[in-house]
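I opened this entry to keep track of what I looked up, one item at a time.

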Amino acid sequence: MKTFRTDIQALRGLAVLLVILQHARADFIGAGYLGVDIFFVISGYLITGMLAKDIGRGSFRFASFYFRRAKRLLPAAYVTFAATALAAFFVLDASEWRDFTRQLAGAVSFTGNFVLLHQTGYFEGAAALKPLLHVWSLAIEEQYYLLLPAAMALVPRRFWFVGNLLLLGASFALCAAWAFARPEAAFYLLPTRIWELAIGSLAALGTVRSDVLRAWIARLFLPALAALVAIPVWPVPGPDFVNIAIVCVATLLVIVRRHDALQDRPIPDALAKVGDASYSLYLVHWPVFALLNNVYAGDPSFGEPGPEVLAAATVTALLLGFALYRYVERPVRQLEFRYPRRWMAAAVGASLCLALVPFTIAARTSTRQASGPAVDYAWLRRDNVGFDDVCDGYRRLEYTQRCSNARQPTTLVWGDSFAMHLVPGLAATMRGGILQATKSACGPLLGLAQIHQEYTREFAERCLTFNDSVIAHLAAHPEIRTVVLSSPFYEYFDPARRMLHVVDGHARIVEPDAAMALDALVATIARIRTLGRRVAIVAPPPSTGFDYSHCLERKARNRTLFGRFIDCNIPVAQYHASKHEVFAFLQQVRTRADVEVVSFDPFLCDEKECRTELGGTFLYRDEGHLSNDGSVALAKAMHLDALIAQAAK
């Protein structure tokens, strides 16, 4: 029996090509990320088989196992991380560099998935800009490598298969549950991914003795092979774990079948050659795309990377990946080390250096203007959550001094993050004090809340409860005389989302609809007025979906490509085209509810463009939210307090 499995190497080659094509934005790939799940099954199969063999013949040693894993994985990874850090220092903006240092620390400590989990969320930077985003999958495999040997060494052999089966079932059940309740955790954490590795372990631990089972495996081989190609191109509609399960089972069937059609044939052999270098290709490809994304994020005139640019990036990633395999991964793997303990000590030292060097650079390098003091651009672009993080409401609105600047505030600011970003400016200008009543992605609409990706039904129910509590708080506090509502509102008629709609006390999930959102907002305004309060709406500031804060920082630091002039103002035509539905919605609200909408446009925009900075102050912290300093500068410059007082009725 051949020890080299061309079929497994071909599966590795297919997996890495799917991932690369996904990140290269190939139009025909719908779910290339499923290549990572193919890797998980293969890893589970190979590592479990290796451990079972060594334990079975009494030659297993923890030190030897971990040394082989380190020798196999660390050199190529460390070279990639070091090269990425060098390039990142010249390409990343301050906020992205800060996040990168944490990603690197996570990468060398095998905790990259935890770091990246904490870098997800409404106010966090875009995933496409994180150069070490892909280390989450490596961290999961490394954590599995740490736990599996101990489990197999301590658990009697007769319990291996059943224990693996129980672990697989429990992990899959948790994954299915968290896919709706905690989707970010389900994506990044080992407990909800271990079932994929356990499928591979199942193949390594089980022996197919039944002729009936062999016959079924033979019949399902071609459908499994077809699924591995078809599902990443045309994924099944529904939760991701369904497509993941199909691909994982298909990988299992191909591995168990060991079909001769995948041995010594042109296509499998070609894929196997790619599979040989799949680890190096996976390591290298994403930093190339992420750094490219960062370059394009800094200049609005670039737009999105075109097909030619992405094709060039793909070729670059392939060349670098094969070079890393040829000159680092393969030579080190083939070396025989006479003193493995010294080598492991060197690996630990390299880990510490890689983890600490970026922090040292960040601490010792100040971003200075030509003749002025150091500027902390990451701080300028920090989250604008209003008064405090605790003011991002959870279930109910309760008065706290941390979310107000007066003991008995006379103005209530109610809405989502687009209400939060008004708070610094209004707190600095509005007399009588304000109370912040906000919840991210939860607009000020009674009886209506969005369901979309991480915003699960549970989130929508909390949103509805929170908004009901705001009305209850208003009823109990007559000193509040004015209510300021703010939201981008577009999510309520975005066809990609779903809505949780409450009618006569009954909640149901419905398609988004502008008319339904209009009715909900009009009813909310009417409810506020029945309590004897005045209402005004503040529209979102000009935006096109492009994050102009990157552009502003690049311009201020004179970090331009080829000495080009960067114009960071927002083209009015693009702004109006991208927000025409919101404009129409707000106009209908004006008419139906007889309410005034305060807009930033008259102050910021002329016929051609809208400003993104004011007197050297960055107005934006991302693609649509005002920065902390920008909120204050804008509120003072345009007398936002007076405009709201005049508009409220």
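**Helix 4.** I started with helix 4, residues 94–108, in this predicted model. I found 15 residues and a reach of 22 Å from the first C-alpha to the last. That is close to the 21 Å expected at 1.5 Å a residue. Next I checked the cover. Helix 4 is largely enclosed by the rest of the structure, because 12 of its 15 residues are buried. The buried set includes Trp-97, Phe-100, Leu-104 and Val-108. Glu-96 and Asp-99 are also on the buried list. Just after helix 4, I noted that Phe-110 takes a positive phi of about 65 degrees.

**From helix 4 to Arg-381.** Which residue does Glu-96 meet in a salt bridge? I found Arg-381, at 3.3 Å from N to O. Arg-381 lies in the loop between helix 16 (377–380) and strand 1 (411–415), and Glu-96 in helix 4, so the pair ties together parts that are 285 residues apart in sequence. I checked burial at both ends: Arg-381 is buried, and so is Glu-96.

**Other salt bridges.** My search of the whole structure returned 26 salt bridges. I picked out Arg-25 with Glu-304, whose closest N and O atoms are 3.0 Å apart. This pair links distant parts of the chain, 279 residues apart. Arg-25 is in the loop between helix 1 (6–23) and helix 2, and Glu-304 in the loop between helix 13 and helix 14 (307–334). Are these two residues buried or exposed? Arg-25 has 37% relative accessibility, so I logged Arg-25 as partly exposed. Glu-304 has a relative accessible area of 61%, so Glu-304 went down as exposed.

Arg-462 forms a salt bridge with Glu-458, with 3.5 Å between the closest N and O atoms. Both lie in helix 19 (residues 457–476), four residues apart, about one turn of the helix. In an α-helix there are 3.6 residues a turn, so residues three or four places apart point the same way.

Salt bridges that share partners join Asp-93, Glu-96, Arg-381, Glu-553, Arg-554 and Arg-557 into one network.

**Aromatic pairs.** I searched the whole structure and got 21 aromatic pairs. I looked up Phe-39 and Tyr-282: their ring centres are 6.2 Å apart and their planes are at 65 degrees, so the pair is edge-to-face. Phe-39 is buried, and so is Tyr-282.

Phe-493 and Phe-585 came next. Their pair is tilted, with 5.5 Å centre to centre and 45 degrees between the planes. I logged Phe-493 as buried because its relative accessibility is 10%. Phe-585 is buried too, at 3%.

**Cluster and charges over rings.** I noted one aromatic cluster formed by Phe-40, Trp-136, Phe-187 and Tyr-188. Phe-187 also has a charge above its ring: the charged end of Arg-193 sits 4.9 Å from the ring centre. I found Arg-69 over the face of Tyr-145, at 5.5 Å from the ring centre.

**Arg-265.** I placed Arg-265 in the loop between helix 11 (240–257) and helix 12 (266–276). Arg-265 is partly exposed, at 41% relative accessible area. Its C-alpha is 9.3 Å from that of Thr-6, 259 residues away along the chain.

**Surface patch.** Which residues make the nonpolar surface patch of about 370 Å²? I found Phe-161, Val-162, Leu-165 and Leu-166. Leu-165 is in helix 7 (residues 160–181). With 42% relative accessibility, Leu-165 counts as partly exposed.

Note on methods. Residues numbered from 1 in each chain as written. Predicted model: local features only at pLDDT ≥ 70, side-chain atom pairs only at ≥ 80, totals over all residues. Heavy atoms only, no water. Patch = residues over 30% accessible without salt bridge, like charges linked within 9 Å, V, L, I, M, F, W, Y side chains within 5 Å. Areas by Shrake-Rupley, 256 points an atom, 1.4 Å probe, with all protein chains shown as cover. Salt bridge = Lys/Arg side-chain N within 4 Å of Asp/Glu carboxyl O. Helix = DSSP H or I, 4+ residues; strand = E, 2+ residues; numbered from the N terminus. Buried < 20%, exposed > 50% of the residue type's maximum accessible area, 1.4 Å probe, protein only. Phe/Tyr/Trp six-rings, centres within 6.5 Å; stacked < 30°, edge-to-face > 60°. Lys NZ or Arg CZ within 6 Å of the ring centre and 35° of its normal. Expected span 1.5 Å × (residues − 1).
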